[in-house]
Amino acid sequence: IGGYQHPHHATWNEGKPHEARKILHTFSGEFPCQLARCIYVARTNELLYFGGIQDQVCYDTVYRFSFEDEKWQLCLELRMPIKLEGFGCVLTLDQRYVIICGGYSTDRGMNVGPIDEIFVLDLL
């Protein structure tokens, strides 16, 4: 999914090691926006896309990609606790919670910058 292309840095899609891997299926659903520095989490039948930045604006949105319908949709019932970019997250084994840590926010008033908090987002 995606990737960052910079003329002076190698990216995950360069080189030959990936050529030996077999692609099982290609999904073609068009993503509704061009966010960078975001995080993806795969669940049983969907891919969740959290936060990110576009044109110097940080977002707290969550998008869902359905593997069955091959369509993206904005999750109106689900929002991140603050606007974040460049953070880390992990999905719990029961696939109910996403634990979000670190990152950078432009939505903290006087404390704009790196975030040293941990958030737990309930997906149900």
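Two strands are counted as paired when DSSP finds at least two bridges between them, and this is the sense in which strand partners are named in the legends below, all of which describe a predicted model.

**View 1. The three-stranded open sheet, with Tyr97 and its partner residue.** In S11, Asp122 is the bridge partner of Tyr97, and the two strands concerned, S8 (residues 97–101) and S11, run antiparallel and are joined by 5 bridges. These strands belong to an open sheet of 3 strands, which has the order S7-S8-S11 and antiparallel pairing. Strand S7 (88–91) and S11 stand at the edges with a single partner strand each, so one side of each is left without a neighbour in the sheet. From one strand to the next, the twist averages 20°.

**View 2. The salt bridge between Asp122 and Arg96.** The side chains of Asp122 and Arg96 meet in a salt bridge, with a distance of 2.8 Å from N to O. Because Asp122 lies in strand S11 and Arg96 in the loop between S7 and S8, the pair ties together parts that are 26 residues apart in sequence. Asp122 is partly exposed, with a relative accessible area of 27%, and Arg96 is also partly exposed, with a value of 30%.

**View 3. A nonpolar patch on the surface.** Val90, Ile99, Ile118 and Val120 make a nonpolar surface patch of about 360 Å². Val120 is placed in strand S11, which covers residues 118–122. The relative accessible area of Val120 is 55%, and this residue therefore counts as exposed, given that the term applies to values over 50%.

View 4. Opposite Arg64 stands Gln73, which is in S6. Arg64 is also part of a network of salt bridges, in which it is linked with Arg43, Glu46 and Glu77.

**View 5. Two residues with positive phi, Arg37 and Glu70.** Most residues other than glycine have a negative phi. Arg37, however, has a phi near 55°, a positive value in a residue that is not glycine, and Glu70 likewise has a positive phi of about 55° without being a glycine. Arg37 is found in the segment before S1, whereas Glu70 is placed in the loop between S5 and S6. Arg37 is partly exposed, with a relative accessible area of 48%, and Glu70, at 25% relative accessibility, also counts as partly exposed.

View 6. At 7% relative accessibility, Glu85 counts as buried, whereas Arg37, at 48%, counts as partly exposed.

**View 7. The salt bridge between Arg79 and Asp60.** The side chains of Arg79 and Asp60 meet in a salt bridge, with 3.5 Å from N to O. This pair, too, links distant parts of the chain, with Arg79 in the loop between S6 and S7 and Asp60 in the loop between strand S4 (57–58) and S5, 19 residues apart. Arg79 is partly exposed, with a relative accessible area of 43%. Asp60 has a relative accessible area of 18% and is therefore buried, a term used for values under 20%.

**View 8. The chain as the setting for the close-ups.** The protein chain has 0 helices and 11 strands, and a search of the whole structure finds 6 salt bridges. Of its 124 residues, 32% count as buried. The chain exposes about 8,600 Å², of which carbon and sulfur atoms supply 52%. Among contacts between residues at least 6 apart in sequence, 35% join residues at least 24 apart.

Note on methods:
Residues are numbered from 1 along each chain as its sequence is written. This is a predicted model: local features need pLDDT of at least 70, side-chain atom pairs count only at pLDDT 80 or more; totals for chains, interfaces and linings use all residues. Side-chain values use heavy atoms; hydrogens and water are left out. Patches are made of residues with over 30% relative accessible area and no salt bridge: like charges are joined within 9 Å, nonpolar side chains (Val, Leu, Ile, Met, Phe, Trp, Tyr) within 5 Å. Accessible areas come from the Shrake-Rupley method with a 1.4 Å probe; for residues, only the protein chains shown count as cover. A salt bridge is a side-chain nitrogen of Lys or Arg within 4 Å of a carboxyl oxygen of Asp or Glu. Helices (H or I, at least four residues) and strands (E, at least two) are DSSP runs, numbered from the N terminus. Buried means under 20% relative accessible area, exposed over 50%, partly exposed in between (1.4 Å probe, protein chains only). Axes are lines fitted to C-alpha atoms, for helices over the stretch in contact, and angles run from 0 to 180 degrees between N-to-C directions. Contact means heavy atoms within 4.5 Å.
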